[in-house]
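This report concerns the surroundings of a ligand and the packing of helices. Please consult the sequence and the structure shown below.

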Amino acid sequence: MNILLTFHLLALGIWIGVVAAEFVIEFDGMKDDDSLIKASKLHYLTDIWIEIPALLTVLITGLLMIDEHHLEGPFLYKIVFSLLAIMFNLVCVYAVFLRRKYALISNITKMAASDLPMKLGGAGFIPSFVCAIGMGLYFVFQ
Ligand code: HEM
């Protein structure tokens with residue numbers, strides 16, 4: 001396995017792990033307003049220190065490995081679903097940044113402005129991420 005593929009898969013594992021941890025943070029944030037403010041700050045920190053570097057590593061290593069034969073057949077679907085997952089994840093990141101801005105001043109009403117982009121991002125991210133992982137596993141085990 002070459003170095004780029006090693007980093008691609010390592011970053012992918014980190015990305016999956018941090019997404020799972022963020023679900024836990026969000027569930028905990030549903031208890032009350034104080035928990036939501038704390039969750040907003042924590043989710044922001046996991047985004048900037050773990051999630052964004054991991055997804056950028058997946059994207060950059062993936063782009064660097066692309067060859068003509070990857071742009072046809074089923075592998076092309078893997079790339080399309082992966083790019084969709086990255087795009088929708090960035091919508092979630094935007095929502096997290098917006099919410100954290102108001103969490104810093106404890107403005108619960110304005111924090112709700114992030115609900116729509118968060119829901120849109122999540123609704124697009126989950127299926128495209130699952131499809132990208134499914135396609136990735138298919139190529140590992142075929
Ligand atoms: C959710 C995101 C992603 C997942 C789950 C994923 C998964 C994988 C997996 C499991 C492999 C190893 C396949 C094998 O051993 O045959 C792989 C390789 C690869 N991925 Fe990704 N990937 C993702 C994102 C991307 C992106 C965004 C790109 C490009 C823009 C990309 C391009 C590639 C390339 C070119 C390879 C090398 C295939 C080869 O060795 O011939 N991946 N990916």
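## Ligand contacts

A polar contact is a pair of N or O atoms within 3.5 Å. The model considered here is predicted. In this model, an oxygen atom of the ligand is placed 2.7 Å from an N or O atom in the side chain of His70.

Nitrogen atoms of the ligand also take part. One nitrogen atom of the ligand is 2.3 Å from an N or O atom in the side chain of Lys78, and a polar side-chain atom of His8 lies 2.9 Å from a nitrogen atom of the ligand. The ligand is surrounded by 22 residues, of which the closest are His8, Val58, His70, Lys78 and Ser82.

## Packing of H2 and H3

Helix H2 spans residues 33-65 and helix H3 residues 73-103; the two pack at an angle of about 150°, and their axes are 9 Å apart. Angles over 145 degrees count as roughly antiparallel, and H2 and H3 are therefore roughly antiparallel to each other. The crossing in which H2 passes H3 is left-handed. The contact of H2 with H3 comprises 15 nonpolar, three polar and five charged residues.

## Packing of H1 and H5

Helix H1 (residues 3-28) and helix H5 (residues 115-141) cross at roughly 145°, with axes that come within 13 Å. H1 passes H5 in a left-handed crossing. On H1, the contact is made by Trp15, Ile16, Val19, Phe23 and Glu26; on H5, by Met118, Phe125, Ile126, Phe129 and Ile133. By class, the residues of the contact of H1 with H5 are nine nonpolar, no polar and one charged.

Key:
Residues numbered from 1 in each chain as written. Predicted model: local features only at pLDDT ≥ 70, side-chain atom pairs only at ≥ 80, totals over all residues. Heavy atoms only, no water. Axes fitted to C-alpha atoms, helices over the stretch in contact; angles between N-to-C directions. Helix = DSSP H or I, 4+ residues; strand = E, 2+ residues; numbered from the N terminus. Parallel < 35°, antiparallel > 145°, perpendicular 65-115°, else oblique. Left-handed = near helix turned anticlockwise from the far one by under 90°. Nonpolar A, V, L, I, M, F, W, Y, C, P; charged D, E, K, R; others polar. Near = heavy atom within 4 Å. Polar contact = N/O pair within 3.5 Å; in protein donor to acceptor, adjacent residues only side chain to side chain. Contact = heavy atoms within 4.5 Å.
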